[in-house]
Amino acid sequence: TGAELAGKLSPKRLPEIRDRALKALASKVELGLLPCEVALEIPGLPQLVLHWLNDRQEVEPQLLNAAFKLLAKLAKNPDTTRLHEAGCVAFLQDFRPQAPSQCLDALDAALWALLCHRPEAIEPS
């Protein structure tokens, strides 16, 4: 499940396990097997992804791109409150200067999605 995969992103896990969990989680969200609204209900998921990015920033760009694409996909959900509360925008802005050039498009797409879908921009229904 998504919660089990998120648990495997924990810094207490081996790096290889964390990497596989990130890939699996990103794939499930991308393919719609794990809906964004369900993924965002997983406690601490945005923080775990940011923590993974911080710890694993030296991994191959393809894996970093998977994390950025996951955040971008989650940011297109109507309720991005948890992403913003986790500080995703500030983290990605700070991360950008040292990001590999092959990751800038995916990182910028995630930032753009987050900036376009701010919780305060949501109209009450």
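Visitor: How far apart should the ends of helix α5, residues 61–75, be, and how far apart are its end C-alpha atoms?

Guide: Helices here are DSSP runs of H or I with at least four residues, strands are runs of E with at least two, and both are numbered from the N terminus. The expected span is 1.5 Å times one less than the number of residues. For the 15 residues of α5 that gives 21 Å, and the end C-alpha atoms are 21 Å apart, so the two agree. Before we go on: this is a predicted model, where local features need pLDDT of at least 70 and side-chain atom pairs count only at pLDDT 80 or more, while totals for chains, interfaces and linings use all residues. Residues are numbered from 1 along each chain as its sequence is written, and side-chain values use heavy atoms, with hydrogens and water left out.

Visitor: How many residues of α5 are buried?

Guide: Burial is read from relative accessible area: under 20% is buried, over 50% is exposed, and in between is partly exposed (1.4 Å probe, protein chains only). In α5, 11 of the 15 residues are buried, so to speak "mostly covered". Among them are Leu63, Leu64, Phe68, Leu71 and Ala75.

Visitor: What covers the buried residues of α5?

Guide: Look for contacts, meaning heavy atoms within 4.5 Å. The cover includes α2 (15–30), α3 (36–39), α4 (45–55), α6 (81–85), α7 (88–95) and α8 (104–116).

Visitor: Which residues is Ala75 in contact with?

Guide: Setting aside neighbours within four places in sequence, Ala75 touches Thr80, Leu83, Ala113, Leu114 and His117. Ala75 sits in helix α5 and has a relative accessible area of 0%, so it is buried. As for Pro46, 29 residues away along the chain, its C-alpha atom is 10 Å from that of Ala75.

Visitor: How many aromatic pairs does a search of the whole structure find?

Guide: A ring pair is described by the distance of the centres and the angle of the planes. Rings of Phe, Tyr and Trp (its six-membered ring) pair if their centres lie within 6.5 Å; planes under 30 degrees apart are stacked, over 60 edge-to-face, and the rest tilted. The search finds 2 pairs. Phe68 and Phe95 are edge-to-face, 5.8 Å centre to centre with 65° between the planes. That pair links distant parts of the chain, with Phe68 in α5 and Phe95 in α7, 27 residues apart. Phe91 and Phe95 are stacked, 5.8 Å centre to centre with 25° between the planes.

Visitor: Where do Phe91 and Phe95 lie?

Guide: Both are in helix α7, 4 residues apart, which is about one turn of the helix. An α-helix has 3.6 residues a turn, so residues three or four places apart point the same way. The ring pairs join Phe68, Phe91 and Phe95 into a cluster. Phe91 counts as buried at 18% relative accessibility, and Phe95 is buried at 3%.

Visitor: At what angle do α4 and α7 pack?

Guide: You describe two packed helices by the angle between their axes and the distance between the axes. The axes are lines fitted to C-alpha atoms, for helices over the stretch in contact, and angles run from 0 to 180 degrees between N-to-C directions. Under 35 degrees is roughly parallel, over 145 roughly antiparallel, 65 to 115 roughly perpendicular, and the rest oblique. For α4 and α7 the angle is about 10°, with the axes 11 Å apart, and the two helices are therefore roughly parallel. Pro46, Leu50, Leu53 and Asn54 in α4 meet Cys88, Phe91, Leu92 and Phe95 in α7.

Visitor: How many salt bridges does a search of the whole structure find?

Guide: Side chains of opposite charge can pair when their charged atoms come close. The cut-off puts a side-chain nitrogen of Lys or Arg within 4 Å of a carboxyl oxygen of Asp or Glu. The search finds 4. In one of them, the side chains of Arg18 and Asp55 meet at 3.1 Å, N to O. Arg18 is in α2 and Asp55 in α4, so the pair ties together parts 37 residues apart in sequence. Arg18 counts as buried at 4% relative accessibility, whereas Asp55 is partly exposed at 36%.

Visitor: And how far apart are the closest N and O atoms of Arg82 and Glu41?

Guide: They are 3.8 Å apart, in another salt bridge. Arg82 is in α6 and Glu41 in the loop between α3 and α4, 41 residues apart. Arg82 is partly exposed at 37%, and Glu41 is exposed at 52%. Arg96 and Asp108 also form a salt bridge, at 2.7 Å, N to O. Arg96 is in the loop between α7 and α8, while Asp108 is in α8, 12 residues apart.
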